[in-house]
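Subject: Structure handover

Dear colleague,

Please find the structure below, with the sequence alongside. My notes on it follow.

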Amino acid sequence: MKYAIFIYSNPTTWGHPTFMHQEGLTQDERDARMNEFGLLMKEISESGELVIGQPLDDPALARTVRLQGDSLTTVDGPFHDSPERLAGYFVVDCENIDRAVEIAARFPDARDGATEVRALVE
């Protein structure tokens, strides 16, 4: 079954990986998180569970588009005004949602932001 893992973060400056840009982390903490991330990527790549992963550009560069009848409205910025922003996503192909949640919990961004797991409709 395929699942999307959405990474939400609240970095002080936009960049990837977003956990490297969180306020209050020491360089040792950043290095440890980068190591955890690398190990997770290696594990799910070698197991065949990783389908794709992609970071997203700065939310300030987003455009929200709405069409009501014949009226098109475009607004600068993301759809939802929140301190946590969608930073990127991964698609994993694993046995069940419990395994997808286990993977999502291991992303370093889950500590300071959030991860969301959703099944893909195939």
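On the face of helix H2 that is turned away from its buried side sit the exposed residues Asp98 and Ala105. Before the rest, the conventions. This is a predicted model, in which local features need pLDDT of at least 70 and side-chain atom pairs count only at pLDDT 80 or more, while totals for chains, interfaces and linings use all residues. Residues are numbered from 1 along each chain as its sequence is written, and side-chain values use heavy atoms, with hydrogens and water left out.

Helix H2

H2 spans residues 97-105, and Arg99, Ala100, Ile103 and Ala104 are buried in it. These residues lie on the same side of H2 because they cover an arc of only 140° around the axis, the arc being that of the directions from the helix axis to the C-beta atoms. Helices (H or I, at least four residues) and strands (E, at least two) are DSSP runs, numbered from the N terminus. Buried means under 20% relative accessible area, exposed over 50%, and partly exposed in between, with a 1.4 Å probe and protein chains only. The buried residues of H2 pack against strands S1 (2-9), S5 (85-93) and S6 (114-119), and against helices H1 (27-46) and H3 (109-112). At the start of H2, the backbone nitrogen of Asp98 has a side-chain oxygen of Asn96 within 3.1 Å.

Glu49 belongs with this region. The residue is found in the loop between H1 and S2 and counts as buried, at 12% relative accessibility. Leaving out residues up to four places away in sequence, Glu49 touches Arg99 and Ile103, as well as Ile44, Val91, Val92, Asp93 and Cys94. Contact here means heavy atoms within 4.5 Å.

Strand pairing

Two strands pair if DSSP finds at least two bridges between them. S1 pairs with S5 in the antiparallel sense over eight bridges, and Tyr3 has Val92 in S5 as its bridge partner. S1 also pairs with S6, again antiparallel, over six bridges; here Ile7 stands opposite Thr115 in S6.

Strands S3 (residues 63-68) and S4 (residues 71-76) are joined in the antiparallel sense by six bridges, with Thr64 opposite Val75 in S4. The two form a hairpin with two residues between them, and Gly69 in the turn has a positive phi of about 65°. Leu61 is found in the loop between S2 and S3 and is exposed, with a relative accessible area of 54%. Its C-alpha atom is separated by 7.1 Å from that of Asp76, 15 residues apart along the chain.

Gln54 lies in S2 (residues 50-55) and is partly exposed, at 39% relative accessible area. Its contacts, leaving aside neighbours within four places in sequence, are with Gly88 and Tyr89.

The second largest pocket has a volume of about 170 Å³. Its lining has 13 residues, of which His16, Pro17, Phe37, Pro55 and Phe90 lie nearest the centre. S2 and S5 are the elements that give two or more residues to this lining. A pocket, on a 1 Å grid over the protein atoms alone, is an open set of points where a 1.4 Å probe fits, with protein on both sides within 12 Å along at least five of seven lines; lining residues have an atom within 4 Å of a point. Grid points are joined across faces, edges and corners, and a volume is the space filled by probe spheres set on the points.

Regards

Definitions and conventions
A polar contact is a pair of N or O atoms within 3.5 Å; within protein, one must be able to donate a hydrogen and the other to accept it, and residues adjacent in sequence count only if both atoms are side-chain atoms.
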